[in-house]
Number of protein chains: 2
Amino acid sequence: MADTAFSILDIVRRCNCVDDLDLLVNDEGMYRFVIDGKLVGAVSDKDAQQLQMVSDEQARPPFALDMERRLLTFSSWCDNRKKRTAAVATVLEQLRASGAWASLAKWRSELYMVYGSATDPDGVSLALERAASYNFGIRTFGVHINGITKSELGQVRMWVARRSLQKQTWPGYLDQIAAGGIGDGMGVWESVIKECNEEGGIPREIACRAKYAGVIQYFTRSDLGLQPETQFVFDLVLPDGFTPYPNDGEVDSFHLWTIEEVIDGIKQDKFKPNCAVCIVHFLVRHGYLTAENEPDYLDIVDNLYVRLPFPAPRFSIAAERRGCDQP
Amino acid sequence: MADTAFSILDIVRRCNCVDDLDLLVNDEGMYRFVIDGKLVGAVSDKDAQQLQMVSDEQARPPFALDMERRLLTFSSWCDNRKKRTAAVATVLEQLRASGAWASLAKWRSELYMVYGSATDPDGVSLALERAASYNFGIRTFGVHINGITKSELGQVRMWVARRSLQKQTWPGYLDQIAAGGIGDGMGVWESVIKECNEEGGIPREIACRAKYAGVIQYFTRSDLGLQPETQFVFDLVLPDGFTPYPNDGEVDSFHLWTIEEVIDGIKQDKFKPNCAVCIVHFLVRHGYLTAENEPDYLDIVDNLYVRLPFPAPRFSIAAERRGCDQP
């Protein structure tokens, strides 16, 4: 076994590293991002200043800063989902064109929803380009699929994916067999089918066997910004003889590892942090990691699921099974 | 289907009903219970006043109240686990004899540990009679076992227990097949074997098949007081033909219900609240309740696991398998 420089608690804390948003706002002069009186994110001082300076096509500034109360809000004319979405799109195009926000160089052409509206039928206050989600620190949603195999003798192994060195984020790190953000108003299940196909070349008829296994939630932070995230987790037992293959260039290679190899990889910090959290959740659910073999057990579990202080959608609205039935 | 007066969110909130301890302390004049500078519980104004008035056999008051800061602490002479445990035992004997604390009429002769000590080898600051745990609002630990059956065609049913009408708490309510508090320094796994035997008449060789399934955590409150609790959850598939039977008089009868019947029972508020939370956790883990069939999904999940602001033990210290191996 190679050196294991980190404990599992270190690794999950590396992902769930934001405990107190108020402290962060105060210490770093961030701005709370508030829509219709609801906290929906947090923006750095630098980004907030830039947002304040931009205007839409009719020279109206969409954003207002309250420096005293550390609040970034929409101007009063931006009073519904449609107007906010259009105004933010215009602003982001400008920031992208000027190169002011490095994050926007990796434009995704995918909209992430910001929830909390009492008037919009889907509860959406705003939809914005995914690449800017970190800048606004909005709550994001995704799916993570653990791809496993079971031998006749019951030995469990897990497929791990090495992320492409060309990936925008965490190049070369290890990942789940398939995972991705839920954008553009997609449903949870629909996202599973899509990611299984795109990232692992897993056909619909196999992806449909994924078993829903609960939720992880963490509040993370990287160079890109803040990310409070909810991940819907699935376990997918892959049939004998099936080998995943990269379908969209996001994965460099797949490897079938024993659980011990996976645990070593986690402790050696080889996994993308939120993937590590997802696998630790797997280890907890399946009894590989217990209160009795892991001294940090309860501290670890505390970091697999935290309440996030931002509104969430009611996902059933967007539900679409498209011929797949949940187990 | 009978009337379902409650949503699942109502039911889990009924259990996890304490969101903000500070608010409770301020609104109701409670006292934070602090040992060695660590918050370990909360005590009502009435109970705190009574604790302040009692003394040990040498006429020394073990407790001190700081009314300004709303703190209940030990007197300086009670400076280690042994002295605190002895002093509290003496105090509780007096409160029991005088009838001042109704809770102590149901004396359990079982010690619950209060954690957070930096000097005690097991991290225990104090051990106290279980019946008084609610009065001190200390963090407690338990095990809950979901007893299920699977038909050849895959239909899952769950054994539910009707609590004896003579039970001290929640008489007549529905319960898991086996559940109980972890006291007297027992291990998690040891407690599973013990409760399976005592409450369901489940022999060791069957109980050993229980599969560890994670943790629920809630902060509840009842007439008895505050209870921030951690429950280790297990699923136990019972063999065909096995029928549980009450071994210790705590259960009135057992019933084998379909998952639909169990869900109806939850919505009709027939289950002891923390058992309902444990079953909802089961429903989430096994995909009966998903983000796509339950509009309150994320709010429900938020109430199955909350961080508790009190120290926890490192359970592995007390681990004993006694011949049983985890899954």
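Trainee: How many salt bridges are there between domain 1 of chain A and domain 2 of chain A?
Mentor: In this predicted model, the count between domain 1 of chain A and domain 2 of chain A is 1 salt bridge.

Trainee: And which side chains meet in a salt bridge at 2.6 Å, N to O?
Mentor: The side chains are those of A:Glu28 and A:Arg221, with 2.6 Å from N to O.

Trainee: Which elements give two or more residues to the side of domain 1 that touches domain 2 of chain A?
Mentor: In chain A they are strand E7 (140–150), strand E11 (211–222) and strand E12 (225–237), and E12(A) gives the most to that side of domain 1, with 3 residues. By residue type, the side of domain 1 that touches domain 2 of chain A divides into 11 nonpolar, 7 polar and 2 charged residues.

Trainee: Let me back up, where do the domains of chain A run?
Mentor: The domain assignment gives domain 1 of chain A as 8–16 + 140–318 and domain 2 as 21–136. The centres of the two domains of chain A, taken over C-alpha atoms, are separated by 29 Å, while 20 residues of domain 1 are in contact with 23 residues of domain 2.

Trainee: What area is buried between them, domain 1 and domain 2 of chain A?
Mentor: The area buried between domain 1 and domain 2 of chain A is about 1,900 Å², and carbon and sulfur atoms give 61% of that. On the side of domain 1 of chain A, the residues that lose the most area to domain 2 are A:Gln168, A:Leu224 and A:Leu226, which together make up 29% of what that side buries.

Trainee: Switching to chain A and chain B, what area is buried there?
Mentor: About 3,200 Å² is buried between chain A and chain B, with carbon and sulfur atoms giving 50%, and the contact takes 45 residues from chain A and 45 residues from chain B. In chain A, the residues that lose the most area to chain B are A:Glu292, A:Leu298 and A:Arg307, together 24% of what that side buries.

Trainee: Which residue forms a salt bridge with A:Asp19?
Mentor: That is B:Arg307, whose closest N and O atoms with A:Asp19 are 4.0 Å apart, and the count between chain A and chain B is 1 salt bridge. There are also 12 residue pairs in polar contact between the two chains, both residues at pLDDT 80 or more.

Trainee: Which element of chain A gives the largest share of the side that touches chain B?
Mentor: E11(A) does, with 6 residues. The residues on the side of chain A that touches chain B divide into 21 nonpolar, 12 polar and 12 charged.

Trainee: Last one, what is the mean pLDDT of chain A?
Mentor: The mean pLDDT of chain A is 91, and 95% of its residues reach 70 or more. Over residues 316–323 of chain A, however, the pLDDT is below 50, and in the model this stretch has 20 contacts beyond near neighbours in sequence.

Methods: Residues numbered from 1 in each chain as written. Chains lettered and ligands numbered in written order. Heavy atoms only, no water. Domains from an automatic or database assignment. Contact = heavy atoms within 4.5 Å. Buried area = accessible area lost by both parts, 1.4 Å probe. Helix = DSSP H or I, 4+ residues; strand = E, 2+ residues; numbered from the N terminus. Nonpolar A, V, L, I, M, F, W, Y, C, P; charged D, E, K, R; others polar. pLDDT = per-residue confidence, 0-100. Polar contact = N/O pair within 3.5 Å; in protein donor to acceptor, adjacent residues only side chain to side chain.
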